[in-house]
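Visitor: I'm new to this structure and would like to learn how to read it. Could you walk me through a few features?

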Amino acid sequence: MNFEDEKDYLMRIIKEMVRILFSLMFGKQYVSVEQEIRNRYEISGKDLNDLIAMIDQGDINTAENILLSSIDYGNKNDIAFAALFYQYLSEKEEDFLIQCNYTREEVMEGMKDLAGKAGYGNIINLP
């Protein structure tokens with residue numbers, strides 16, 4: 001598996017984890033999780049688009065710190081917010097992530113940690 005294949009594989013796995021997580025949390029099947037729904041979520045007074053803007057500006061670690069310090073793992077909307085955060089982050093180019101002192105593997109670890117702490121650790125073992 002070359003670097004591009006690995007990047008695409010991790011991105012697909014994260015998107016699949018988000019889709020399954022949404023299906024489990026909200027009790028209906030999601031074919032895909034549309035980005036438009038990200039406008040519905042807020043955490044600690046921050047709109048998801050605020051954290052996405054921070055990501056786009058290269059301030060990934062600060063955005064993730066805000067997310068992780070504010071999340072309530074028992075709140076489905078907070079979990080959805082975080083899942084969309086990691087999905088968006090997974091779509092960033094590897095060079096951008098590296099410039100921001102972040103890696104695609106950290107995105108995957110963040111998503112796995114989120115699923116586990118939210119009680120959905122069973123989706124971590126996807127093929």
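Visitor: Let's start with a helix. Which residues of helix H3 (residues 60–70) are buried?

Guide: Keep in mind that this is a predicted model. In helix H3, the buried residues are Ile-60, Ala-63, Glu-64 and Leu-67. They span an arc of only 95° around the axis, so they sit on the same side of H3. Turn to the other side of H3 and you'll find Asn-65 and Ser-69, which are exposed.

Visitor: And what about the core? Which residues have the most contacts inside the largest nonpolar core?

Guide: The general idea first: in soluble globular proteins, nonpolar side chains tend to be buried together. Here, the largest nonpolar core has 40 residues, and those with the most contacts inside it are Leu-21, Phe-85, Tyr-86, Leu-89, Met-111 and Leu-114. Helices H1 (3–26), H2 (48–56), H3, H4 (76–90), H5 and H6 each supply at least two residues of this core.

Visitor: Which helix gives the most to this core?

Guide: That's H4, with 10 residues.

Visitor: Let me zoom in on one of those residues. What does Met-111 touch, leaving out residues up to four places away in sequence?

Guide: Met-111 touches Ile-14, Met-17, Val-18, Leu-21, Ala-83 and Tyr-86.

Visitor: Now for the backbone. What is phi of Asn-101 near?

Guide: As background, most residues other than glycine have a negative phi. Phi of Asn-101 is near 60°, a positive value in a residue that isn't glycine.

Visitor: Where is Asn-101, and is Asn-101 buried or exposed?

Guide: Look in the loop between helix H5 (94–99) and helix H6 (104–117). Asn-101 has a relative accessible area of 62%, so it counts as exposed, the cut-off being over 50%.

Conventions
Residues are numbered from 1 along each chain as its sequence is written. This is a predicted model: local features need pLDDT of at least 70, side-chain atom pairs count only at pLDDT 80 or more; totals for chains, interfaces and linings use all residues. Side-chain values use heavy atoms; hydrogens and water are left out. Helices (H or I, at least four residues) and strands (E, at least two) are DSSP runs, numbered from the N terminus. Buried means under 20% relative accessible area, exposed over 50%, partly exposed in between (1.4 Å probe, protein chains only). The arc is that of the directions from the helix axis to the C-beta atoms. A nonpolar core is a set of buried Ala, Val, Leu, Ile, Met, Phe, Trp, Tyr and Cys residues joined through side-chain atoms within 4.5 Å. Contact means heavy atoms within 4.5 Å.
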